[in-house]
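Please go through the model below with me, one question at a time.

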Amino acid sequence: MKALDAISRGLAFVGALVLAALSETGAVANFFARTLVASLSPPYRLNLFFQQAEFVGFGSLFIVLLTGTFTGAVFTLESVQALQRVGMESMVGSTVILAVARELGPVLTALMVTGRVGSSMATELGTMRVSEQIDAMEVMAVDPVKYLVVPRLFAGAIMVPCLTMLFDLVACVGSYGVGVGILDIDEGAFVERIRWYLDPYDFTHGLWKSIVFGIVITLIGCYKGFHAEGGARGVGMATTQAVVIGSIAIFVLDYVMTSVLIQFMPV
Amino acid sequence: MRRSFDGRPKSRYSCVVIHIEGVYKSFGEHAVLKGINLDVKAGTTRVILGVSGSGKTVLMKNIIGLMRPDRGQVVIDGEDITKLDNAGLLKVRSKFGMVFQQSALFDSMTVFDNVAFPMREHTTKSEDEIEARVHECLAVVDLHNIDTKFPSELSGGMRKRVGLARAIVLQPKCVLYDEPTTGLDPLTTESVDQMIIGTNRRLKVTSVVISHDIGSALAVADRIAVINKGEIVEDATPEELRQSQHPFVQEFLHCWFKKQ
């Protein structure tokens, strides 16, 4: 009987977790729909969009360029070790850049942006929520979703793909620098293999993912901040959850989108 | 049906800006409002007085539409706002200004931008006109030369005044005050009381004040509704309230008189 009770309680706990996750996902989807509807009607507040685009894009530039350069460099170092075993070290450029363009570029860019932008948005909106600034906006007949969330969402959707392109570029530079400059791989073979094996679609494959990641990062950050409660502790929890859930969402969506893109848009 | 002098039907609420009837509100098992009935007449200062946790702020949020009651009506200017969608509520809220307990100033904006915010969002006035109106409202609350300061650089009393300047910038019909004197020293409390009285008289607005400060309530109110555990237990003028025989009101007054 005790064993049955324990199993029953365990199942109930798992069930409660699943229900909570589904409920939260539904609430986020509802919030996304509300944001999209709010974005369709004027005023469009382009000045707020440009402010957020500067924060998301220009503000994340350094960390993305740094991460991209070292990702390209380190991945080249590791890949050469493996490819030398089969005498294919000249393939290192195309191997690294293919992986960066399709996978590492969008995912690592999104993870860097989640840590910086997602947490910042959750903190800012959470602080506004607990100090009643969002209530004040509603009382002044200004839709807070339209004013606060719409510019952030569009900034994420546009700037994260831009950052991903820059990531891909500096990763290529990092890979070239290590492969040709340090490891003495033939420059002609390095470049020729890239031209031979890579397709423009490999880059657009990554960019489609980065658009979705940009939307998800800003959406989750804004959602968590918008619904923060319980003072400073609540804002802290919202910030942590925005980063954790945003990161998990990136990995899950990466798998889903890769499956869909391979299925419907194969190379 | 009452009729005006030209024969058109006259709303039963024509002198009443806010009419609350049979409002109930619960959060889970916890009932916060239990059948509130309240009228606020145009041009008057109405105080809703009660201890912490009595339901004052929840009632305020139901009046302004930030919450919807589980049951009952909240009629603003003849329109039941409990039946409105978000777009309809936004229109009704343009008739209100509200001063929040912590002022709720936007901390990323200067004092000038905070007070100008409603005008920039809802009017097509030029920046010169906006500047003139902002300075006019800041002068009403006796603040000068603080345009470029941020809320974090202001004292509590100054933040309340800026909050009021922002609340009146669009000339609302009704100004709501959520615990305006909480956390303020006696001198600043007195100046906030005078600010509420002055605003009501000069601008001829209707004022609704949520408070637990009985001294301020007696000073500013035309009528006081005492709320206890989600119910209105007394609704009277300040003079009538001092003579009230209700046990809770007597205890409330007794505690205050003891402190005096």
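Predicted model: local features only at pLDDT ≥ 70, side-chain atom pairs only at ≥ 80, totals over all residues.

Residues are numbered from 1 along each chain as its sequence is written, and chains are lettered from A and ligands numbered from 1 in the order in which they are written.

Me: How many helices and strands are there in chain A?
Reply: Helices (H or I, at least four residues) and strands (E, at least two) are DSSP runs, numbered from the N terminus. Along the sequence, chain A reads α-α-α-α-α-α-α-α. The count is eight helices and zero strands.

Me: What percentage of the residues of chain A count as buried?
Reply: A residue is buried if 20 or more other C-beta atoms lie within 10 Å of its own, exposed if 12 or fewer, and partly exposed in between, with C-beta atoms placed from the backbone. The C-alpha atoms of chain A fill a box of roughly 65 × 65 × 35 Å along the principal axes. Of the 267 residues in chain A, the buried share is 44%.

Me: How many residues of chain B are in contact with chain A?
Reply: Contact requires C-beta atoms, placed from the backbone, to lie within 7 Å. Eleven residues of chain A meet this, and their partners in chain B number 15.

Me: Which residue in β7(B) is the bridge partner of Gly97(B)?
Reply: β6(B) and β7(B) (residues 174–178) run parallel and are joined by four bridges. In β7(B), the partner of Gly97(B) is Val175(B).

Me: What residue in β10(B) is the bridge partner of Ile224(B)?
Reply: On β3(B), Val47(B) stands opposite Ile224(B) of β9(B), and these two strands pair in the parallel sense over four bridges. β9(B) and β10(B), by contrast, run antiparallel and are joined by five bridges. They form a hairpin with two residues between the strands, where Lys229(B) in the turn has a positive phi of about 50°. In β10(B), the partner of Ile224(B) is Ala236(B).

Me: Is α3(B) roughly parallel or roughly antiparallel to α5(B)?
Reply: Axes are lines fitted to C-alpha atoms, for helices over the stretch in contact, and angles run from 0 to 180 degrees between N-to-C directions. The axes of α3(B) (residues 111–122) and α5(B) (residues 156–168) come within 7 Å and cross at roughly 30°. Angles under 35 degrees count as roughly parallel, over 145 as roughly antiparallel, 65 to 115 as roughly perpendicular and the rest as oblique. The relation of α3(B) to α5(B) is therefore roughly parallel.

Definitions and conventions. Pairing = 2+ DSSP bridges. Contact = placed C-beta atoms within 7 Å.
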